[in-house]
Amino acid sequence: MKLHELAPFARSNRPKRRVGRGTGGKGGKTAGRGTKGQKARNNIKPGFEGGQLPLTQRIPKLRGFANPFRVEYNVVNLDVLDELGLDEVTPESLEAGGIVHHKGLVKILGRGELHRAVRVSAHGFSRSAVAAIEAAGGSRDRRPAPYGDRRPPAKGNALANR
């Protein structure tokens, strides 16, 4: 017996039942939907509960959670720093070069290589980035977050007037 000769048992794969194809077959006429009414038609949205407030609106936590205190970084990789050609890299110089947005913190990640010594100042560094900067003869300066040692200020309209 070969692989291409394999086939399922004769009566194991039954065809799908085609309902709603006339009164002659199984599932004719109403096709298992009962009689009349909105649910007997085919234009009802999933999750619709007949006008009752849907479950997803009644329990908003099911839709996920957005942490208002999340710390977001503008990430910059080493290969981008190498292309810049600067001896001293700061968040201000990266903003002037159009690499990062003026808002948010800057974190240096370790993709790529540095081919010269660079002084890098940022709010965060990955371990691989620190190793690569120091291996190239450069130095790093970790800047404190602008909001100090506390958690970042909350974002969003619901949290603006706390």
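**Reading contacts, burial and salt bridges**

Student: Which residues is Thr23 in contact with, once its neighbours within four places in sequence are left aside?

Tutor: Contact here means heavy atoms within 4.5 Å, and, with those sequence neighbours left aside, Thr23 is in contact with Gly28 and Lys29. Before going on, please note that this is a predicted model, in which local features need pLDDT of at least 70 and side-chain atom pairs count only at pLDDT 80 or more, while totals for chains, interfaces and linings use all residues. Residues are numbered from 1 along each chain as its sequence is written, and side-chain values use heavy atoms, with hydrogens and water left out.

Student: Where does Thr23 lie, and is Thr23 buried or exposed?

Tutor: Thr23 is placed in the segment before helix H1, where helices (H or I, at least four residues) and strands (E, at least two) are DSSP runs numbered from the N terminus. Thr23 counts as exposed because its relative accessible area is 72%, and the cut-offs are under 20% for buried, over 50% for exposed and partly exposed in between (1.4 Å probe, protein chains only).

Student: How does Ser126 read on that scale?

Tutor: Ser126 has a relative accessibility of 16%, so this residue counts as buried. Ser126 sits in the loop between strand S5 (124-125) and helix H4 (127-135), and, apart from its neighbours within four places in sequence, Ser126 is in contact with Lys107, Ile108, Leu109 and Gly110.

Student: What makes up the largest nonpolar core?

Tutor: In soluble globular proteins, nonpolar side chains tend to be buried together. A nonpolar core is a set of buried Ala, Val, Leu, Ile, Met, Phe, Trp, Tyr and Cys residues joined through side-chain atoms within 4.5 Å. In this model the largest one has 16 residues, and those with the most contacts inside it are Val76, Leu81, Leu94, Val106, Ile108, Val120 and Phe125. Helix H2 (78-84), strand S3 (105-109), strand S4 (119-122) and H4 each supply at least two residues of this core, with H4 giving the most, namely 3 residues. To follow one member, look at Leu94, which, leaving aside its neighbours within four places in sequence, is in contact with Val76, Leu81, Leu84, Val89, Ile99, Val100 and Val106.

Student: How many salt bridges are there?

Tutor: The count comes to 7 salt bridges, each being a side-chain nitrogen of Lys or Arg within 4 Å of a carboxyl oxygen of Asp or Glu. One of them joins Glu72 and Arg70, whose closest N and O atoms are 3.6 Å apart, and Glu72 is partly exposed because its relative accessibility is 47%.

Student: Which parts of the chain does the salt bridge of Asp82 and Arg116 link?

Tutor: The side chains of Asp82 and Arg116 meet at 3.2 Å, N to O. This pair links distant parts of the chain, since Asp82 is in helix H2 and Arg116 is in the loop between S3 and S4, 34 residues apart. Asp82 is buried at 19% relative accessible area, whereas Arg116 is partly exposed at 24%.

Student: What does the salt bridge between Glu88 and Arg119 link?

Tutor: Here the closest N and O atoms of Glu88 and Arg119 are 2.9 Å apart, and the pair again links distant parts of the chain, with Glu88 in strand S2 (residues 88-89) and Arg119 in strand S4, 31 residues apart. Glu88 is partly exposed, with a relative accessible area of 42%, and Arg119 counts as partly exposed at 46%.
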